[in-house]
Amino acid sequence: MPKRPRPLSGLDAGFLYLEAAGTPMHVGSVMLLRPPRRRRYDFYEAVVALMRERLPEAAPLRRVLQDAPLELGHPLWIEASSVDLDRHIEKRTLAAPGSLAQLWRLVGELHAEPLPRDRPLWQFVVIDGLDSGEVALYAKVHHALLDGQGGIALAQVLLDAHPTRRGLGSVAPAAPPQVRKQRAKKSVGASAQGFAQLVRDLPSLLKAATDAARGAGSLLGKLRDSVMLAPRTLFNAQVGAQRSYAVASLPLDAVKRIARHFDTSLNDVVLALCAATLREYLLRRKSLPPESLIAAMPISLRASGDASVNNQVSMVQCALRTDIADPVERLAAIAAATGSLKRQVAGVRSWIPTDFPGLAAPIWAPALSRLWAEGRIAERLPSLANLVVSNVPGPPMTLFMAGAKIVHYYPVSIVTHGLGLNITVNSYDGWLEFGVIAGKEIVPKIATIAAGLDRALDALAKKVH
C-alpha cells in the first residue's frame, strides 16, 4: 500500500526554492575505492546490483516531489512506484593519463549540474580510468532530502564493514521496525506540530525577548549583540555556473594530538587549519582584510537518537581570527570564541525554527531567490560570513561498497551567491577528509587552498613538544 504524501518542512523546501537563484542545492561525496582482484568483477555492475538490493531500505532515494494543490503549500514527498536505476547511475571514463587532478575537475563539473526533478533527487557516477587502478564514485543527493547527519545514516544502509558480508557491525545498528514506524509517523506530522509548538512557545519567546531588552546581560541580548559583519573578500561574490573542487587528507591522530596539547577541541583545530590556509591564500593575492574572516558553521539541532533523514540544522557565525599571524595564538582565540558560542547556542537550541508556514511559498519564495540573483543583492548588502566551514563526524573504520574498499571518502558541498567558498570535512578511517568547493570564477585554482591545509597542520605540529 503506498504511503500518504508527506509535506516538506519549510527548511527542506527552502533548499528547493533557493535553486531559482541559479545555484544547485545538492550535497555529495566522492569516494576513491580499490576494487577486489576477482575475475570478471565490474564495479559499475556491482553498484547497480547493490542499489537494486538495498533501495527498498533507502526511503529518501525513492521519494519524488509532487506540487501541493494550486501551489498553496510546500511540495510533498511521494514514494515512486519504481526507480529506473539506469537514469540514476552512470559511468564515466577519464582520458589518459587519468590523474587525480582530472578526477577533481570532473567532480566540479558534475556538481555544477542540477538534479532533474522528474525523478528521485539523487545520482551516482562511477568513474574509472585512474592511473592508480582505483575507481571513484561520485554521489549527489538533494539537500531537501537530508542534512549531513542524515547523509551518514543513509550511508549506513549502502556501506559495509566487510567486502563480502553485509552490515557495519557495532557502528550504528539499524533501528527496529517499530521504532522506524514511530519515527515516520512523527515525521509526517512535523509541520503541523512545529506550528503548534511555535504557538505554544510564543509567550515564553516574547518573555525572553522582553528580558533581553530589559537586561543587557541576558542570553538573547548577548546573541543579538554578537552578530558580526564579515569584511568583504574575494569569496563574497556572485556565483557563476561552474565549480572548482579540490581535496586534502590529514591524519586524524596528528590533529587530535594538537588538540590535546593545546587543550582545545578537534573542531577548533579544523577551524584553525582553515583560517591558516585562507590567510595564506589572501596574503599572496594582497587581499587579506585587516579584520578577521567570519565562517558560517552549520550546527545540528537533531535530538540524540534521532536518525530521521531530513534537515535539522541552523547556522552560526565564528571568527576565524585571520587577523592574528601566530598560529598558536590564532588557535587559542578560535577556541575561546567557540567555547562562548557553544554556551550561547545551548540556551536557545530548542527555539531555533526548522520550519516556516508554506502558504503559497512555491510562488513567492522562488521569486525572491530569482530577485536575489538577478539584482546581485549578495554583492550589495553587508556580508554575515565569508565562507561556510562544516565538520561532520564519519565512520572510524575501513568501509566497503559493492565489495570495493573505500580508500578515501571526501565530502562535496554547496556554494551560494555571496558565499562562494565552502570547506567541508568529515572523518574517515583515521583521516580528516576535506572537500573544498568554490565558484570557479571566484577560486579558479582551488588546489592552492587545499594544499595550504597540509602546511597549516605542519606549522601547528611543530609547536607541539
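## Stop 1: just past a helix

Start by selecting aspartate 263, which follows helix 8 and has a positive phi, near 55 degrees. Keep in mind as you click around that this is a predicted model.

Now step back and select helix 8 itself, residues 252–261. Which of its residues are buried? Colour Leu252, Ala254, Val255, Ile258 and Ala259, and you have them. They sit on the same side of helix 8, because they cover an arc of only 165 degrees around the axis. Then turn to the face pointing away from that buried side: there you'll find the exposed residues Asp253 and Arg260.

## Stop 2: the whole chain

Zoom out for a moment. The chain has 12 helices and 15 strands, and 51% of its 465 residues count as buried. If you take contacts between residues at least 6 apart in sequence, 78% of them join residues at least 24 apart.

## Stop 3: the cores

Next, go inside. Select Leu103, Trp104, Ile127, Tyr245, Leu273, Leu421 and Phe434: in the largest nonpolar core, which has 69 residues, these touch the most other members. Which helix gives this core its largest share? Highlight helix 9 (residues 266–284), which contributes 11 residues.

Setting aside its neighbours within four places in sequence, leucine 103 is in contact with Leu32, Leu94, Ile127, Leu130 and Ala136. Apart from this core lies another one, of 55 residues; Val27, Leu85, Leu146 and Met401 are among them.

## Stop 4: two loops

Select threonine 322, in the loop between strand 10 (313–319) and helix 10 (327–348). Show what's around it: leaving out residues up to four places away in sequence, threonine 322 touches Ala275, Arg279, Leu288, Glu291, Ser292 and Leu293.

For another loop, jump to leucine 384, between helix 11 (361–374) and strand 11 (387–392). Leucine 384 has 47% relative accessibility, so it counts as partly exposed.

Notes: Residues numbered from 1 in each chain as written. Predicted model: local features only at pLDDT ≥ 70, side-chain atom pairs only at ≥ 80, totals over all residues. Heavy atoms only, no water. Core = buried A, V, L, I, M, F, W, Y, C linked by side-chain atoms within 4.5 Å. Buried < 20%, exposed > 50% of the residue type's maximum accessible area, 1.4 Å probe, protein only. Helix = DSSP H or I, 4+ residues; strand = E, 2+ residues; numbered from the N terminus. Contact = heavy atoms within 4.5 Å. Arc of directions from axis to C-beta.
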